[in-house]
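Here is a briefing for a first look at this structure. Please view the sequence and the model together, then read the points by topic.

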Amino acid sequence: MTTLELDGVTKTFGAPDAGGVVAVDDVSLTVDDGEFLVLLGPSGCGKTTTLRMIGGLETPTEGVISFDGTEVNEVKARNRDVAMVFQNFALYPHMNVSQNLGFGLRRENEDRSSEEIIDRIEAVAEMLEIEGLLDNTPAALSGGQKQRVALGRAIIREPRLFLFDEPLANLDASLRKTMRTEIDELQSEVGITSVYVTHNQEEAMSIGDKIAVMNDGRLQQLGTPSEVFNEPSNQFVAQFVGSPDMNLYEGTLTENGDVYRVNVGITEFDLPSGLVQAGDDVLDVVVGFRPQDLFQSRTRQTGGPKIEADLRVVEPLGTEAILYGETEGRAIRATDTQFHDLDEDQSVTLSIAPEHIYLFDANTEELLKGRLMTEREDTGVGEVEVRDGAGAEVRDG
Amino acid sequence: MSYADQALSSYERALGRVPDGVRVYLPILPVLALVGVFILYPIAQAIWTSFTDKHLLRPDEAEFVGVENYGEVWTNPQIHEVLWNTFVWVSVGSIAAIVIGFVLGWLLHEKLPYTSVASAIVLVPWVLPRVVGASIWKFMFGGSQGIINELLVQLGVIDDYVVMLGSTELSLWPPIVGMVWRLAPLFALLTLTSLKGIDRQLYEAARMDGATPWEQFRYVTLPMMRYNLVIGFLLMLIYNIRNFSMVWVMTRGGPGVSSSTLPVMIYRAAFVDFQVGFASALSMLLFAVLLVFSYYYIQVYDKIRGEF
């Protein structure tokens with residue numbers, strides 16, 4: 001039961017003035033007791049380094065890491081009472097499953113009786129359904145079984161914090177989804193504060209209570225999955241979260257009475273000024289359309305701007321398809337369930353509800369307008385709104 | 001290209017007529033012949049010779065004498081000292097080489113920069129021709145101008161130069177030092193590679209599991225290296241017990257037999273005293289010991305292959 005706090009944490013590898021690398025740059029965040037935080041970002045964004053600093057495997061160059069308000073910067077990894085699940089499982093190959101599970105208990109507390117340890121091992125094995133494997137060595141286990149043992153090794157100690165370093169990256173796709181749910185359930189069950197690192201935005205959206213999106217060592221946004229999806233703090237977050245990628249077009253924003261006129265070349269539309277937090281009269285902007293928010297006009301009226309596009313590729317995914325099109329020389333992606341009668345090279349009219357349009361300042365890349373979740377009676381009604389942040393992310397990235 | 005071109009040649013057809021049970025042995029015939037001529041035949045010859053009174057001055061007049069040579073092995077006045085020397089040589093030499101080699105390998109892995117350069121330097125004693133290495137040590141242990149005597153005097157260990165190679169009490173030790181110098185690098189390299197083979201993440205897992213550095217060494221490093229260490233230990237035993245050049249170059253086994261090990265005694269019996277029969281009987285003794293070591297070596301080796 002621990003509240004984790006990072007305050008201005010920076011990690012530099014090598015001397016900063018002599019070509020050193022700043023892996024983590026001034027990251028501050030708080031993970032409340034029992035909360036599940038996901039650190040999300042592309043490779044090399046510093047998420048793993050952040051996790052390792054929390055675990056004590058790396059020391060921060062600057063800043064303070066604290067558990068329940070107590071600074072732990074100088075506390076060694078072995079004394080932090082933190083458990084970590086590694087990407088490649090890191091099971092001890094010379095020990096059987098039971099010994100692997102019990103290793104932390106035997107070390108941590110010398111006077112714990114071996115009956116007690118055995119009881120705990122059996123309880124955890126039962127919880128993870130690996131009772132039958134206790135005498136096997138890791139070499140004899142499948143990937144999913146190894147993953148369970150690695151989880152068990154973390155759970156058995158009932159630590160203050162769970163750290164997960166891309167624990168599902170080495171599993172195949174279907175197993176990844178099962179284990180994802182299991183980790184989620186397990187964490188809610190034991191209620192231990194957790195930090196989970198992944199580069200997979202779909203995994204992040206489905207598992208996290210909160211998501212911290214990182215890029216180039218900096219924290220881009222900290223929020224719930226739906227905040228990150230609907231109100232990305234900047235263009236990077238908007239593009240990184242969500243699949244297929246958001247459509248982004250450069251354009252201009254002009255104040256015109258009580259509306260803003262947005263011109264993006266491929267289309268033009270008005271936005272009520274209340275929706276936009278823009279200071280200047282004319283602004284270079286970047287407009288974003290989520291592929292999930294673009295509908296064919298023939299199937300649904302959105303009341304928003306229409307875009308004529310020539311279909312290039314229709315990629316069926318079962319119940320829906322990704323439509324790859326081209327409009328005035330610009331690529332556009334949309335997803336739709338009404339695709340069976342579509343031919344490639346056909347032209348379609350796509351439209352998007354104004355409240356679903358994202359607007360970014362072209363200079364700062366900061367968000368001007370996010371995606372509103374309020375229901376609009378005159379659009380495609382309820383079904384559109386079911387596609388909120390987490391729901392839209394069930395598609396495979 | 002027609003199917004006719006693919007037809008079996010007359011040679012292949014002839015091969016086809018050989019019964020299956022015989023045919024499978026045909027491919028290993030060349031190797032079998034080489035092993036037979038160069039390994040099995042000499043061994044058989046040596047076993048036979050050990051039952052004769054063959055003498056190099058009259059090699060054609062060898063007569064079968066039964067187990068007389070083996071009897072002489074037990075009654076020989078020198079054999080006990082030689083066996084004791086061999087025991088000291090093998091145990092002290094191996095243990096010292098292992099301890100020093102392990103520490104060296106660990107330092108190469110953990111502490112020293114430029115591992116590849118450092119391991120190349122460490123390997124010099126092992127790649128240097130044996131006689132050259134032995135000659136250097138003989139020179140360094142020299143009684144009148146040897147640097148080791150000078151060093152010991154400077155350090156205050158001894159008051160004056162000691163003729164170590166010519167002393168019946170001390171003559172075994174300089175060759176042991178030379179042998180450790182030669183074998184430790186091999187063990188260091190073995191240690192280095194087995195340490196490098198351990199996944200670093202296991203140590204991180206152990207740290208997260210609350211293990212102290214000693215516990216990491218005891219419960220991760222050592223068990224992960226156990227087979228490599230056993231293999232290395234057996235290799236050290238085998239190399240040590242077979243060694244001839246280090247002793248021969250430095251002391252010729254003397255004075256008396258004070259620095260003789262079994263291989264040196266065999267050489268002396270055969271090529272100094274010309275008693276080839278007796279030398280062969282001694283060889284059988286060495287052969288038996290080596291067989292035991294080799295048996296365990298192969299056992300461990302198979303176990304490793306079964307595990308990975």
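Chain B is divided into domain 1 (3-68) and domain 2 (77-307), with bounds that come from an automatic or database domain assignment. This is a predicted model, in which local features need pLDDT of at least 70 and side-chain atom pairs count only at pLDDT 80 or more, while totals for chains, interfaces and linings use all residues. Residues are numbered from 1 along each chain as its sequence is written, and chains are lettered from A and ligands numbered from 1 in the order in which they are written.

**Domains of chain B**
- The C-alpha centres of domain 1 of chain B and domain 2 of chain B lie 35 Å apart.
- In domain 1 of chain B, 10 residues are in contact with 8 residues of domain 2 of chain B (contact: C-beta atoms, placed from the backbone, within 7 Å).
- The side of domain 1 of chain B that touches domain 2 of chain B has 4 nonpolar, 4 polar and 2 charged residues. Nonpolar covers Ala, Val, Leu, Ile, Met, Phe, Trp, Tyr, Cys and Pro; charged covers Asp, Glu, Lys and Arg; the others, Gly among them, are polar.

**Where chains A and B meet**
- Contacts link 16 residues of chain A with 15 residues of chain B.
- Strand S6 (82-85) and helix H2 (97-108) of chain A each supply at least two residues of the side of chain A that touches chain B. Helices (H or I, at least four residues) and strands (E, at least two) are DSSP runs, numbered from the N terminus.
- H2(A) gives the largest share of that side, 4 residues.
- By class, that side of chain A has 9 nonpolar, 4 polar and 3 charged residues.

**A hairpin in chain A**
- Strands S9 (residues 210-215) and S10 (residues 218-223) of chain A pair in the antiparallel sense over 5 bridges (pairing: at least two bridges found by DSSP).
- Ile211(A) has Gly223(A) as its bridge partner in S10(A).
- The hairpin of S9(A) and S10(A) has 2 residues between the strands, and Asp216(A) in the turn has a positive phi of about 50 degrees.
- Leaving aside neighbours within four places in sequence, the contacts of Ala212(A) include Leu29(A), Leu39(A) and Leu222(A).

**Around Arg330(A)**
- Arg330(A) sits in strand S18 (residues 330-336) of chain A.
- Arg330(A) is partly exposed because 16 other C-beta atoms lie within 10 Å (buried: 20 or more; exposed: 12 or fewer; partly exposed: in between; C-beta atoms placed from the backbone).
- Not counting residues up to four places away in sequence, Arg330(A) touches Tyr249(A) and Ile266(A).

Definitions and conventions: Contact = placed C-beta atoms within 7 Å.
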